[in-house]
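Hi everyone, thanks for making time this morning. I'd like to walk you through one structure, so let me put it up on the screen.

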Amino acid sequence: MAELGIDFERSGLKYLSNDARLRALDRKSTKFEKTKNEKCGSHMWNDVSELAALIREGKTSWQDLDLDDVDVRLKWAGLFHRRKRTPGRFMMRLKVPNGELTSEQLRFLGDCIAPYGEDGCADITTRANIQLEDADRIIEGLRQRGLTSFMSGMDNVRNITGSPIAGIDPHELVDTRPLCHALNDAITSQGAGNAALTNLPRKINIGISSSRDDFAHCHINDVGLKAVRDPESGEVGFNVELGGYFSIKRNVMSISGDTFLTQDQVVPYCLALLEVFRDHGARDDRQKARLMWLVEAMGVDAFRAAIEQRMGQTLRREVHAAYDDVWERRDVLGIHPQAQEGLFWAGACVPAGRMLASDFHALADAADAYGDGSVRFTVEENVILPNVPQERLAALQADPLFQRFPVHGGNLLRGLVSCTGAQFCPLALVETKNRALEVVRKLEAELDVPRMVRMHWTGCPNSCGQAQVGDIGLMGAPAKLDGKAVEGVKIFLGGKIGENPELAKEFERGIPVDESILLPRLRDLLISEFGATPKAAPASAA
Ligand code: SRM
Ligand code: SF4
């Protein structure tokens with residue numbers, strides 16, 4: 001590569017196949033490929049601590065650093081520069097496989113946020129993960145506690161989602177936690193960063209589901225592994241689904257990968273798949289670089305064959321479970337008996353997934369006091385406290401934390417999911433979390449809603465808040481009011497999750513977010529589509 005003026009060791013080309021290298025170096029390749037070719041983001045795994053120390057000592061400032069290091073490559077270390085909203089400040093995204101944390105890890109995260117006062121907060125993400133708003137100097141602390149922020153952004157595998165009630169669910173076929181951890185460790189080299197799998201053409205989402213509920217949302221993951229019992233052998237393994245994703249240009253549910261994996265094939269299969277994606281995925285158009293495009297280009301059979309070749313073994317074809325009943329996806333919020341006699345889990349609603357430093361400490365204390373010192377996050381941005389003995393349930397429900405994070409919240413609050421939105425996100429077209437909470441508060445005051453309605457807010461068409469998953473989806477979009485451009489939303493309707501998922505379809509566009517317009521629109525929809533009724537007006541005093 002020297003003749004091309006490329007420093008091979010420094011670039012992100014080292015592990016790519018010859019063909020993939022040529023495509024990455026092609027003049028038609030994207031500016032992100034050029035940035036990676038100049039210097040791979042993996043260098044930030046070493047550079048980040050040194051840079052942070054120099055900045056703290058006043059020897060340099062973020063303005064003096066290479067622009068691509070600050071705005072692009074630091075994402076390999078999980079640090080996202082907020083140049084547009086808060087220049088010089090970063091958001092840090094972690095990896096929390098299967099969404100599980102201990103009270104010690106929670107306290108550490110609370111301690112990291114606390115110095116930032118009112119500016120410090122963290123969000124439970126739509127990948128059951130944690131994203132710290134305004135934090136640095138925590139990478140070593142994370143590592144000491146078995147966590148990492150490395151490989152959480154840009155062209156890497158995102159947080160691996162599993163079942164939030166893994167190991168305690170009376171209906172699960174398999175505990176997803178060991179698989180999520182083993183896979184995360186293999187992909188990230190135990191959190192230290194894995195140069196061989198860090199230069200993918202685009203991000204990859206992997207979800208592992210344990211039951212017919214599909215709590216990991218396999219249908220919207222690039223790779224979805226759905227637990228299933230092979231009706232012939234009785235063995236529990238996974239049917240593979242491929243290619244589900246959302247983006248500005250295309251939103252698509254996954255298709256069958258026509259593959260059945262035994263549990264011990266999961267890690268080697270995913271590693272081989274990532275290598276196939278790395279070496280064959282498109283690098284000339286980021287809008288056509290997600291896994292679905294490669295699967296479509298190769299065809300499902302050839303894609304499986306390419307993985308088999310790397311694994312050196314033939315894989316079985318997908319199996320068909322013989323269910324003759326209809327399975328209603330369960331709501332994990334509330335109090336539920338576990339598979340273990342005498343123990344319960346408490347599912348608490350974290351409004352819009354936002355947590356302050358004090359919430360992390362209170363949650364850690366609650367996990368120690370009522371449960372076994374662990375918690376799980378859900379892709380709906382809520383929290384589960386497992387292993388609570390029956391005699392502690394009353395005290396748990398009376399705890400002030402669970403007044404703020406209700407175990408039995410309202411039917412709109414419980415179903416609320418929101419992306420980061422304009423408060424912090426540079427791509428946002430509208431504010432989401434705060435607005436979504438205000439809208440829910442007002443609608444719950446006005447209406448009796450007979451069942452949970454899953455309302456998903458997303459600040460732009462990237463759909464991090466998964467508008468297409470909600471019963472009602474709201475997506476930041478342009479609108480006009482009295483002929484003037486104003487903040488607005490598109491409304492989506494009809495998303496289904498669980499055994500037979502469907503994506504919500506666009507119902508209306510150009511709706512101004514002004515409360516005088518949006519609130520009545522949503523009120524009407526809740527009444528006409530979801531059986532809501534206006535609350536009786538309080539009787540006036542005689
Ligand atoms: Fe996302 C980019 C936040 C889940 C699709 N996403 C972003 C960025 C990094 C904006 C940017 O590029 O600067 C956002 C940072 C916000 C901030 O500053 O706080 C951002 N995404 C999030 C989170 C935090 C939303 C949330 O509040 O939960 C979620 C973090 C998950 C995690 O823990 O890793 C998050 N993003 C998603 C999801 C949902 C999911 O994974 O199920 C999607 C849609 C599903 C998908 O990817 O197929 C999603 N985010 C995107 C995209 C569009 C990807 C594409 O192929 O085009 C972008 C933009 C991009 O990558 O070019 C994006
Ligand atoms: Fe930001 Fe858009 Fe993602 Fe919301 S959907 S977090 S606004 S990129």
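Predicted model: local features only at pLDDT ≥ 70, side-chain atom pairs only at ≥ 80, totals over all residues.

The crossing of α7 past α8 is right-handed. So who touches whom? On the α7 side we have Leu179, Ala182, Leu183 and Ala186, and they meet Val266, Val267, Cys270 and Leu271 of α8. By class, that contact between α7 and α8 has eight nonpolar residues, with no polar and no charged ones.

Now over to the sheet. Four strands make an open sheet with mixed pairing, and the order is β6-β7-β8-β9. The edges belong to β6 (206–209) and β9 (255–261); each has a single partner strand, so one side of each has no neighbour in the sheet. On average, neighbouring strands here are turned by 25 degrees against each other, direction ignored. If you zoom in on β6, it pairs with β7 (residues 223–229) in the parallel sense, over four bridges. There, isoleucine 208 has leucine 225 in β7 as its bridge partner.

Finally, the ligands. Ligand 1 is surrounded by 29 residues, the closest being Thr125, Asn129, Tyr245, Ser247 and Cys464. Its shell has 12 nonpolar, 12 polar and five charged residues. Around ligand 2 there are 13 residues, with Cys419, Cys425, Gly459, Cys460 and Cys464 the closest. That shell has six nonpolar, seven polar and no charged residues.

Note on methods. Residues numbered from 1 in each chain as written. Chains lettered and ligands numbered in written order. Near = placed C-beta within 6 Å. Nonpolar A, V, L, I, M, F, W, Y, C, P; charged D, E, K, R; others polar. Left-handed = near helix turned anticlockwise from the far one by under 90°. Helix = DSSP H or I, 4+ residues; strand = E, 2+ residues; numbered from the N terminus. Contact = placed C-beta atoms within 7 Å. Pairing = 2+ DSSP bridges. Axes fitted to C-alpha atoms, helices over the stretch in contact; angles between N-to-C directions.
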